[in-house]
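Please read them beside the coordinates.

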Amino acid sequence: MADNAEMVVVCGGGGVWGVAWMTGLAAGLSDAGVDLKAANKFIGTSAGSVVATQLTSSLETEELFQRQVDPARQAPERLPPAGSLEAMIVVLQKRWASQEEKLTAICDLALSARTISAAERRADIAARLSLPAMGWPSAELAITAVDVAAKDLCVFDAQCGVDLIDAVAASCAVPGVWPLAEIGERRYTDGGVWRTAENAHLAQGAKSVLILSPLGQSGLGREDRLASDIKALEAGGAEVVTIYADQASLGAMVPHALDPATRKPAAEAGRRQAAGEANRVRHLFG
């Protein structure tokens, strides 16, 4: 998937909180002279699809940060419909006989949930991105979603013929919370429900990989699969550095990752955390 790209940044899922944390992290790394925008390719899943799309735009990293912390610049964000987040958590945390059975239950939830309309959600995504140009960037960008009929991972890019906003809306379609994204005759849900919230395996073939993992050490139970993907990347010759949200950043996830109130504290925590991470990743961009 990475086509031997020299440097790939993988941005994982994590809700509104995760968007803010990764944006703050990018700003803090920029403060230390590490520009994530200099990567050759970006892979974005769910919240990471927003961050990856914005990092490949012409917007400065500081502007992206200010959009998270300055109320005057914040895009409007809806709270999840009452009870929807709890229903999703029940499905995600239940012990299933297999990953296939779990994915079927997730897709069934996504198909049956009563949500806002797909048009309303698409407008929200466009406002969240708020890009100078809304087409695919010149930089390589891959965005993931799950096809609910095929129950398979789909990867959108500039060559697939799908509108960028539709691709991000599909990747961010949290099952049971937000509506499925309809693209052509297919319907899609959140790319983070596939195997991991990062889909780092798509960076196979890269020389260097930086993984931004908001939820990787949050106790949500998929750390082993991410570790397996990292080992596979390393076995393929890649140098992999992973940045997980630290305890202070995880502490900003109150009351939950989809609440707009988390944006400012998460972005600020990510920026602070970056000061201690810069030396671990600097050489990847040298």
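1. Glu63, Arg67, Asp70 and Arg73 are joined in a network of salt bridges. A salt bridge here is a side-chain nitrogen of Lys or Arg within 4 Å of a carboxyl oxygen of Asp or Glu. Over the whole structure the search returns 14 salt bridges.

2. The model is predicted: local features need pLDDT of at least 70, side-chain atom pairs count only at pLDDT 80 or more, and totals for chains, interfaces and linings use all residues. Residues are numbered from 1 along each chain as its sequence is written, and side-chain values use heavy atoms, with hydrogens and water left out.

3. Asp147 and Arg186 form a salt bridge, with the closest N and O atoms 2.8 Å apart. Asp147 belongs to strand β3 (residues 140-147) and Arg186 to strand β6 (residues 186-190), so the pair ties together parts that are 39 residues apart in sequence. Helices (H or I, at least four residues) and strands (E, at least two) are DSSP runs, numbered from the N terminus. Asp147 is buried, at 8% relative accessible area, while Arg186 is partly exposed at 35%. Buried means under 20% relative accessible area, exposed over 50%, and partly exposed in between (1.4 Å probe, protein chains only).

4. A salt bridge also connects Arg195 with Asp229, the closest N and O atoms being 3.1 Å apart. This pair links distant parts of the chain, 34 residues apart: Arg195 is in the loop between β6 and β7 (208-213), and Asp229 is in helix α8 (residues 223-235). Arg195 is partly exposed, with a relative accessible area of 25%, and Asp229 is buried at 6%.

5. Within helix α10 (residues 263-281), Lys264 and Glu268 are four residues apart, so about one helical turn separates them. Their salt bridge has its closest N and O atoms 2.7 Å apart. Lys264 is partly exposed at 37% relative accessible area, and Glu268 is partly exposed at 27%.

6. On the backbone, most residues other than glycine have a negative phi, and most peptide bonds are trans. The peptide bond from Val254 to Pro255 is cis, with omega near 5°. Pro255 sits in the loop between α9 (247-250) and α10.

7. Ser46, not a glycine, has a positive phi of about 55°. Ser46 lies in the loop between β2 (41-45) and α2 (47-55) and is buried, with a relative accessible area of 8%. Lys151 also has a positive phi, near 55°; Lys151 is in the loop between β3 and β4 (152-156) and is partly exposed at 29%.
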